[in-house]
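Subject: Structure handover

Hi,

Here is the structure I promised to pass on to you. Please open it alongside this note, and my findings follow below.

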Amino acid sequence: MSYDIRIAVKVEGLDKHVCIAYPEYDNPTYNLRDMFVTCMDWDYKQGEYYPCKDVLPKVEKGITELRTKPRQYDKYNSPNGWGTREGAINALESLRTCILEEAENIPIEHLWMRW
């Protein structure tokens, strides 16, 4: 099983979001959850939408943590090989790139992200 990461905009006046973009690595394995939660210090919920303006600093923190403290996070590598620190870095960098690219056309205050 894996995540289904999306970037969306919220429909004004409704409790609906419309997907507008996908990161290059949009479906990292669930095996990375503990690593993501720890490196970003964010206990996110799958299927819930989060404002990208709040997500971006968490993603950047996660990338920094994973790159600068490899030993601390390698312990979260999945024993079956599906879910490694390098895979987590790829997923987070891809997410950051996607958010920033979409923010060139739509103000980040209007962008939402879903795991």
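Asp41 is found in the loop between H1 and S3; helices (H or I, at least four residues) and strands (E, at least two) are DSSP runs, numbered from the N terminus. The phi of Asp41 is near 55°, a positive value in a residue other than glycine. Asp41 counts as exposed, at 61% relative accessibility. For that term, buried means under 20% relative accessible area, exposed over 50%, and partly exposed in between (1.4 Å probe, protein chains only).

Before you go further, please note that this is a predicted model, in which local features need pLDDT of at least 70, side-chain atom pairs count only at pLDDT 80 or more, and totals for chains, interfaces and linings use all residues. Residues are numbered from 1 along each chain as its sequence is written, and side-chain values use heavy atoms, with hydrogens and water left out.

Now to the sheet. It is an open one of four strands in the order S2-S1-S4-S3, with antiparallel pairing; two strands pair if DSSP finds at least two bridges between them. Strand S2 (17-21) and strand S3 (49-51) are the edge strands, each pairing on one side only. On average, neighbouring strands of this sheet are turned by 45° against each other, direction ignored. Angles run from 0 to 180 degrees between N-to-C directions, and the axes behind them are lines fitted to C-alpha atoms, for helices over the stretch in contact.

Strand S1 (residues 6-10) is joined by four bridges to strand S4 (residues 111-114), and the two run antiparallel. Which residue of S4 is the bridge partner of Val9? That partner is Leu111, while Ile7 stands opposite Met113 in S4. Four bridges also join S1 to S2, again antiparallel, and here Lys10 stands opposite His17 in S2. S1 and S2 form a hairpin with six residues between them, and Gly13 in the turn has a positive phi of about 85°.

Two of the helices are worth a look. Helix H2 (residues 52-68) lies across S1, S3 and S4, and runs at about 85° to S3. Helix H4 (residues 85-103) has 19 residues and reaches 27 Å from its first C-alpha to its last, close to the 27 Å expected at 1.5 Å a residue; the expected span is 1.5 Å times one less than the number of residues. The buried residues of H4 include Ala88, Ile89, Leu92, Leu95 and Ile99. Its buried residues pack against S1, S2, helix H1 (33-40), H2, helix H3 (70-74) and S4, where contact means heavy atoms within 4.5 Å.

Rings of Phe, Tyr and Trp (its six-membered ring) pair if their centres lie within 6.5 Å; planes under 30 degrees apart count as stacked, over 60 as edge-to-face and the rest as tilted. By this rule the count comes to nine aromatic pairs. One of them is the edge-to-face pair of Tyr3 and Tyr30, at 4.9 Å centre to centre with 85° between the planes. This pair links distant parts of the chain, with Tyr3 in the segment before S1 and Tyr30 in the loop between S2 and H1, 27 residues apart. Tyr3 is buried, with a relative accessible area of 3%, whereas Tyr30 is partly exposed at 27%. Trp42 counts as buried at 8% relative accessibility, and Tyr50 counts as buried at 13%.Ring pairs link Tyr3, Tyr30, Phe36, Trp42, Tyr44, Tyr50 and Trp115 into a cluster. Arg33 lies over the face of Tyr44, at 4.7 Å from the ring centre; a charge sits over a ring if NZ of Lys or CZ of Arg is within 6 Å of the ring centre and within 35 degrees of the ring normal.

Thr29 is in the loop between S2 and H1 and is buried, with a relative accessible area of 16%. Not counting residues up to four places away in sequence, Thr29 touches Met1, Ser2, Tyr3, Trp82 and Gly83. Tyr76 is in the loop between H3 and H4 and counts as partly exposed, at 24% relative accessibility. Leaving aside neighbours within four places in sequence, Tyr76 is in contact with Asn31, Asp34, Met35, Thr38 and Gly83. Tyr76 and Phe36 are 40 residues apart in sequence and 9.5 Å apart in space, C-alpha to C-alpha.

Best wishes
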